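This report is a guided reading of one protein assembly for a reader who is new to structural description. Please look at the sequence and the three-dimensional view before continuing.

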Amino acid sequence: MLVGSHGGSHGGSHGRAPARKPPRPLTATQAERVRRAQRAGAYVLLIAGTVVFVLPFLWMITTSLKSDAENLAFPPQWLPDSFHWENFVRGWAGSLDYTTFMLNTVLITALSVLGNLISCVLPAYAFARMRAGAATLMFGALMATMMIPREITLVPKFILFSKLGWVDTYLPLIVPEFFGVALYVFLLRQFFTTIPQELIDAARIDGASELRILWRIMLPLSKPALAAICLFSFVGNWNQYLESVIYIRTTEKFTLPLGLGLFTDQYATQYNQMMAVALIAMMPIVIIFFIAQKTFIRGVTLTGIAGR
Amino acid sequence: MEMNRRQILALAAAAATMPVIAACGGDTRQRQQATAPVKTGLQTLDPNRPGNETWPFAEAEALNDSLTWPRTNVPEPAAKVTITVATTSDIIAEVRNLQFDHFFRKRHPNIEIKRETSTFDGFLTKYMAQAAGGSLPDVMYNHYSWTQNFIANRILTPLDDFIARSPEFAADDLPEAGLAYFRRDGALYGLPTDMAPKLLYFNKDLFDKAGLKYPDESWTFDTMVETARKLKSGSGATKIYGFSPTAKPAPDLATVFLLPFGARFLSADETRVEINSPEAVRTMSMWLDLLLKDGATPSLAEELLLEKVDPWKSGHAAMHINGAWIMTELAKQKAFAWGATHVPKGPKGRFSPAVGSALVITEGSRQKEAAWLYIYEFLSSSGYRFRRISAPARQSAWLPNAEALGIPAETAELVKEILADYATSEGVLRLPATKKAVDTAKPIWERALLGKIDVKTALDEIAAKVGPLLAENQIA
Amino acid sequence: MTTLARREARRFHLFASPWLIGFVVFTAGPIAAAIVVSFMDWNLLRSPSWVGLANYERMFADAEFWESIENTVQYGVGYVVLGVTFTFGMALLLNQPLRFQGLFRTVMYMPSVVSGLATALLWLNILHPDYGLINKVLATVGIQGPGWLASQEWAIPALVLMAVWGAGNTIVIYLAGLQGIPKTLYEAAEIDGAGWWRRFWSVTVPMMSPVIFFNVVTGFIGALQGYVLILAMTEGGPGNATMVLGLYIYRHAFVYFDMGYAAALSWAMFAVIIAVTAVQFALARRWVHYEFR
């Protein structure tokens with residue numbers, strides 16, 4: 001029902017009624033009615049979806065506002081009796097300094113995102129658009145690195161980095177990010193393969209270098225994919241846990257995920273303060289997502305340039 | 001098109017400027033440490049005066065001034081040394097630790113402390129990796145079920161020599177039952193950082209409502225089971241359980257649920273499974289009936305949720321067997337009135353597992369003497385009084401700590417009595433195969449809890465599967 | 001011509017070098033170590049000792065291992081079939097030019113962002129057999145709901161449901177892919193009189209096929225390796241019903257520190273994943289449309 005009208009198009013094309021075979025022209029009023037019905041249907045589905053998807057977020061908010069006693073209530077109390085906003089201050093700066101943990105996380109994440117972007121674009125282009133004898137073999141190796149459970153390379157990697165003296169520094173978390181992430185290389189490669197060959201051939205005839213083709217054709221046409229990689233890389237590094245646990249030893253060097261763990265002791269969890277801090281911690285991701293998803297609105301349509 | 005490009009640029013710019021922000025932040029941070037404390041609105045976070053709402057710095061300072069610290073013949077380091085101390089903690093305990101370190105540095109100006117923290121869940125992963133990488137901390141936390149494995153792999157230093165050189169160590173202040181986990185071939189490798197027996201807790205409100213008499217020293221497990229049946233009521237969210245937890249495989253399963261009836265999970269040397277013996281089958285059947293026939297303990301489905309919100313803590317269980325360490329939280333809550341007494345007697349006697357964790361000094365440490373000075377004070381009676389924990393291994397710290405935490409004095413006396421009379425490490429699993437044995441037994445027992453297999457079948461299957469794992473316990 | 005080919009090959013290696021160098025420096029060594037470790041007995045505290053094929057022999061005789069493979073395949077297939085189709089539908093919906101779309105998309109991504117503990121607690125409440133939301137709704141229409149996470153039969157379906165609900169990344173990838181379909185193709189199809197169903201099958205699906213392929217391949221890899229969600233929700237229970245291979249490996253590596261056995265299990269997982277992926281790449285020739293081969 002809605003499928004026909006997607007593709008980032010606007011104006012006339014999506015407004016057309018879903019035509020059945022054989023095509024039968026609709027009057028303007030009929031078309032308008034169908035269009036409205038479609039739109040109403042879409043909103044109903046989206047709002048229903050919103051209710052389902054927003055629940056954990058609401059749960060976090062109400063939990064963050066509960067009193068210490070309400071933390072334990074069972075059956076769970078959905079709404080606190082009164083709002084305990086002080087949990088945000090208690091959690092963030094009442095005992096340990098979470099601003100420090102936040103800045104540590106920002107540093108690691110920003111450098112890692114940057115490293116991922118730089119180091120994934122070039123190999124992805126090579127795998128998508130260049131021929132070489134070893135290409136298939138290397139692509140196989142790339143894919144294989146994704147398939148090996150990381151639990152089993154974690155300790156050998158740890159030993160490697162401790163030989164380099166990198167334990168209790170951020171280097172093991174940042175440096176490898178500058179050498180390509182298989183998942184993102186594969187993702188970008190898939191997007192690069194959808195770009196019409198005619199565009200590249202035309203540019204080659206004009207004498208453009210490979211870097212120029214990458215910069216002027218591939219990247220602008222793959223913005224949504226780049227935005228997606230930015231987002232995944234940001235989220236992944238922001239929430240990185242297992243590796244942080246073993247590489248970061250000193251408490252002052254902790255990241256937010258490690259800091260969040262400290263609201264739990266062996267027997268109990270300070271849910272209200274923890275959720276308050278977790279809410280603050282997730283805000284940068286929400287903002288990054290909101291920026292990234294804007295590249296999906298306008299759409300990088302190939303109208304007019306795809307000569308087919 | 002242009003807009004899109006701009007957005008991508010904005011994203012990249014945001015990413016690129018962040019390290020700058022962070023770098024600035026880093027600078028500010030150092031400056032803050034030197035000069036102005038961070039204003040938080042609630043109170044101030046001053047690295048030179050660590051504290052929070054639970055542990056204000058002024059209180060810590062006054063308490064510290066009132067305490068005297070034991071003497072030792074182990075010398076102070078002649079020049080500045082740094083020791084690394086790795087413990088599990090949470091935000092509240094961590095602040096107390098920081099305060100301890102603060103005053104420790106004043107007493108020992110030549111010892112600098114580098115503190116490493118971890119959640120309980122992440123601790124072993126973190127430090128096993130460090131062990132593989134060849135750099136363990138000087139002082140390290142140890143759960144009672146890890147120490148024997150570390151000792152067997154020669155990771156830990158025996159402490160007996162340091163103890164001999166410390167005339168005010170007061171060995172008789174530590175309950176012998178709690179030390180067995182850390183002893184091997186006559187040498188002691190760890191000192192308890194908390195230690196407590198398990199008690200029978202009861203919810204006075206629920207007993208009053210049912211018009212029943214509170215549990216006391218005279219109770220047997222038969223009385224308890226019978227009372228649990230009577231106290232069980234309601235369903236769904238308002239359900240009241242007569243007793244929690246439901247008996248299931250755990251390191252101290254035997255001590256709490258089986259030894260009173262003359263049955264065991266594993267043999268005393270932990271190399272044979274005994275959970276399918278006739279006595280064990282009879283006893284486990286009794287516990288299972290309490291769930292399946294009477295519905296008086298939480299079912300698997302009910303526990304799935306309640307694990308996060310304990311039925312006892314939320315006032316949904318009339319009776320509960322747990323360690324003395326839960327009293328810190330219990331004393332704070334106002335939701336229901338509670339009491340505690342001796343665990344019930346069984347036909348074969350009364351048993352309460354004394355369990356706790358330890359601090360150890362690693363064999364690779366180059367600052368063993370400074371490390372000793374640290375744990376000697378941290379784990380002394382004064383150290384325990386300073387930390388104000390509700391399960392101090394030092395008996396002399398029980399009463400002062402109970403008073404400070406609002407735990408009734410008679411309950412503290414009760415704990416001391418249990419530790420002196422019948423608390424034991426008997427039956428508590430501690431050898432390397434413990435985790436595997438428990439994890440292997442659990443899913444099989446869960447099928448019995450779901451009513452899919454009968455007790456005998458389940459216990460035989462546990463014996464068959466756990467048996468081969470125990471070879472690992474014959475550690476060299 | 002050969003000079004040209006050689007020049008292209010050189011360019012290829014140059015462009016691929018960031019990944020290639022990283023592979024050689026940071027990845028290849030640990031992978032080689034993981035192969036060697038699978039023939040050893042290693043508890044991280046002692047130096048490893050050679051045991052030959054013992055870990056593999058133990059694995060083939062390990063009933064829990066085979067049980068975990070079965071669970072993993074159930075979970076993986078369930079997740080990919082449901083996840084790939086549901087998220088595609090969501091992406092199409094979120095691609096409509098409607099008001100507040102940015103807000104709707106952000107909300108849809110929420111499950112991928114919120115604290116794992118919040119998610120776990122929430123779902124424990126939703127799925128609870130007695131007072132969970134789902135069973136209460138089912139009860140109003142006279143159906144007695146299953147035990148979900150507390151039932152051996154329904155635990156995996158419940159986890160699949162949770163995983164699909166949290167598959168925001170897959171939706172994002174679809175959304176990104178949808179932007180690359182030339183509008184002209186739809187216009188041409190419409191002029192030919194194609195209805196929405198035909199436009200979907202003859203324009204959207206072929207144009208999206210590399211992206212769908214990506215989601216199927218990585219969805220399988222992720223689902224076959226995944227264990228974090230399961231660790232938080234059921235720890236493999238009840239009665240091993242949700243003991244997947246990833247969790248089994250995690251346990252041997254980081255709970256029992258039986259690195260040799262964990263390594264052997266890892267290579268078994270690798271074999272399963274590579275077999276599934278190879279089949280997918282082979283099938284891809286029939287349905288994935290690339291601009292360049």
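The sections below treat the basis of the model, chains A and B, and then chain C.

## Basis of the model

The model is predicted: local features need pLDDT of at least 70, side-chain atom pairs count only at pLDDT 80 or more, and totals for chains, interfaces and linings use all residues. Residues are numbered from 1 along each chain as its sequence is written, while chains are lettered from A and ligands numbered from 1 in the order in which they are written.

## Chains A and B in outline

Chain A contains 15 helices and 0 strands, whereas chain B contains 18 helices and 15 strands. Helices (H or I, at least four residues) and strands (E, at least two) are DSSP runs, numbered from the N terminus.

Of the 308 residues in chain A, 54% are buried; in chain B, 52% of the 476 residues are buried. A residue is buried if 20 or more other C-beta atoms lie within 10 Å of its own, exposed if 12 or fewer, and partly exposed in between, with C-beta atoms placed from the backbone. Two residues are in contact if their C-beta atoms, placed in that way, lie within 7 Å. Among contacts between residues at least 6 apart in sequence, 73% in chain A join residues at least 24 apart, and the corresponding share in chain B is 76%.

## The sheet and domains of chain B

Five strands of chain B form an open, mixed sheet in the order β4-β3-β5-β14-β8. Strands β4 (111-118) and β8 (191-192) of chain B are at the edges; each has a single partner strand, so one side of each is left without a neighbour in the sheet. Two strands pair if DSSP finds at least two bridges between them. Strand β3 (residues 81-88) of chain B pairs with β4(B) in the parallel sense over 8 bridges, and V85(B) has R115(B) in β4(B) as its bridge partner.

Chain B is divided into domain 1 (5-196 + 355-406) and domain 2 (198-354 + 427-473), with bounds from an automatic or database domain assignment. Their contact takes 16 residues from each domain. The domain 1 side of this contact comprises 9 nonpolar, 6 polar and 1 charged residues. Here Ala, Val, Leu, Ile, Met, Phe, Trp, Tyr, Cys and Pro count as nonpolar, Asp, Glu, Lys and Arg as charged, and the others, Gly among them, as polar.

## Chain C and its contact with chain A

The contact between these chains takes 90 residues from chain C and 105 residues from chain A. Helix α1 (residues 2-37) of chain C gives the most to the chain C side, with 19 residues. That side divides into 57 nonpolar, 25 polar and 8 charged residues.

An unreviewed UniProt entry lists residues 69-280 of chain C as "domain: ABC transmembrane type-1"; such annotations may be inferred rather than shown by experiment. This span of chain C is 72% helix and 0% strand, and its end C-alpha atoms lie 19 Å apart.

## One residue in chain C

Is V216(C) buried or exposed? V216(C) counts as buried because it has 21 C-beta neighbours inside 10 Å. This residue is found in helix α10 (residues 196-225) of chain C. Not counting residues up to four places away in sequence, V216(C) touches V80(C), V84(C) and Q280(C). The C-alpha atoms of V216(C) and Y79(C) are separated by 10.0 Å, although the two residues are 137 residues apart along the chain.
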